[in-house]
Amino acid sequence: MGDSFNAPKPLILIVEDDRPIMNFMKAALRDQHYRIADVGAGRDALAYAGAYTPDVVLLDLGLPDVDGIDVIKDLRSWSDVPIIVVSARGNERSKVEALDHGADDYLTKPFGAGELLARIRVALRHSSSSPNTSLSDSKGVVSIGPLEFDAERRKVRHDGRPVQLTPIEFRLLRELVFHAGKVLTHKHLIAKAWGPKQKVESHNLRVFMATLRRKLEDDPSRPTLIVTEVGVGYRLLDEWPATAIDSYDPT
Ligand code: CA
């Protein structure tokens, strides 16, 4: 990632009141050249973040003192630190709410160590301290697996072959590519592709995603590039071959 030799190790703040999950995350991060801090309550998280400016915050939404959403709102009022929400399965609404309030991504319990590390890598890559690191090389042409994306010339190739996209498809793909590895909500993608004031429903978005997949996926019924995050949105996988593909649910 082009870190200089004396760059400090990224500081990861874990906010979690569930001891076994906390211990699991700390064990997963131990050998990864991160500094780790942990707190078990929302107010402690805010105090710690204010004092030590972590590089990534892993935030459990169900905290003993304050709602995790309120922690996100508070953090976002003064900090751009990437926030990865740790949430229970089946809680899609709270994930969307967290993302709408400025969280960057989420992990669904139970999750594997590989998935946790992949999310943190993406968060660090997209953090404001290193704007568009992954995009700044090779004259603005982004290569992700079989995909080649040239934003400036508005050209897209798949396996070396030119792909024709409609303007909406192009804007959707551009947003996914520019946030590669991160989940993007339906609301976010609709605002970027159609404009913030347009009344477009999620099912319209699904139609355009389906045509995009027909053009970019080897098997559109089993996407490996643009995966669905059920009830939340879409994610363009940016690690190729996708190392944690088993932990994604491409339905
Ligand atoms: Ca909890």
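Colleague: Is D60 buried or exposed?

Modeller: D60 is buried, with a relative accessible area of 5%. Buried means under 20% relative accessible area, exposed means over 50%, and partly exposed is in between, using a 1.4 Å probe and protein chains only. Bear in mind that this is a predicted model, where local features need pLDDT of at least 70 and side-chain atom pairs count only at pLDDT 80 or more, while totals for chains, interfaces and linings use all residues. Residues are numbered from 1 along each chain as its sequence is written, and side-chain values use heavy atoms, with hydrogens and water left out.

Colleague: Thanks! What coordinates the calcium ion?

Modeller: The calcium ion is held by D17 (OD), D60 (OD) and G62 (O), at 2.2 to 2.4 Å. Donors here are N, O and S atoms within 2.8 Å of the metal, or 3.2 Å for Na, K and Ca; water is not among the atoms, so sites may look incomplete.

Colleague: What spacing do the donors follow along the chain?

Modeller: The spacing is D-x42-D-x1-G. Helices (H or I, at least four residues) and strands (E, at least two) are DSSP runs, numbered from the N terminus.

Colleague: And how accessible is D17?

Modeller: D17 counts as partly exposed, at 37% relative accessibility.

Colleague: I keep looking at L63. Where does it lie?

Modeller: L63 is in the loop between β3 and α3 (68-76). With 11% relative accessibility, L63 counts as buried.

Colleague: What is L63 in contact with?

Modeller: Leaving aside neighbours within four places in sequence, L63 is in contact with V15, E16, D17, G40, A41, G42, G68 and V71. Contact means heavy atoms within 4.5 Å. For L63 and G40, which are 23 residues apart along the chain, the C-alpha atoms are separated by 7.5 Å.

Colleague: On to α1. Which of its residues are buried?

Modeller: In α1, the buried ones are I21, M22, M25, A28 and L29. They are on the same side of α1, because they cover an arc of only 130° around the axis. That arc is taken from the directions from the helix axis to the C-beta atoms.

Colleague: What covers them?

Modeller: The cover for the buried residues of α1 includes β1, β2 (35-39), β3, β4 (83-88), β5 (105-109) and α5 (113-126).

Colleague: Let's switch to the sheets. What order do the strands have in the open sheet of four?

Modeller: The order is β6-β7-β8-β9, with antiparallel pairing. At the edges stand β6 (141-144) and β9 (161-163), each with a single partner strand, so one side of each is left without a neighbour in the sheet. Two strands pair if DSSP finds at least two bridges between them. Four bridges join strand β7 (residues 147-150) to strand β8 (residues 155-158), and D150 has K155 in β8 as its bridge partner.

Colleague: Which helix lies across β6, β7 and β8?

Modeller: That is α6 (residues 167-178), running at about 105° to β7. Axes are lines fitted to C-alpha atoms, for helices over the stretch in contact, and angles run from 0 to 180 degrees between N-to-C directions. Helix α8 lies across β7, β8 and β9, at about 60° to β8.

Colleague: What else does α8 lie across?

Modeller: Helix α8 (residues 202-216) also lies across β11 and β12, running at about 150° to β11. Those strands belong to an open sheet of three, in the order β10-β12-β11, again with antiparallel pairing. Its edge strands are β10 (183-185) and β11 (226-229).

Colleague: Which way do the β11 side chains point?

Modeller: I226 and T228 point one way from β11, V227 and E229 the other way, and all are buried.

Colleague: Last one: how many helices and strands are there in the protein chain?

Modeller: The protein chain has eight helices and 12 strands. Of its 251 residues, 47% count as buried.
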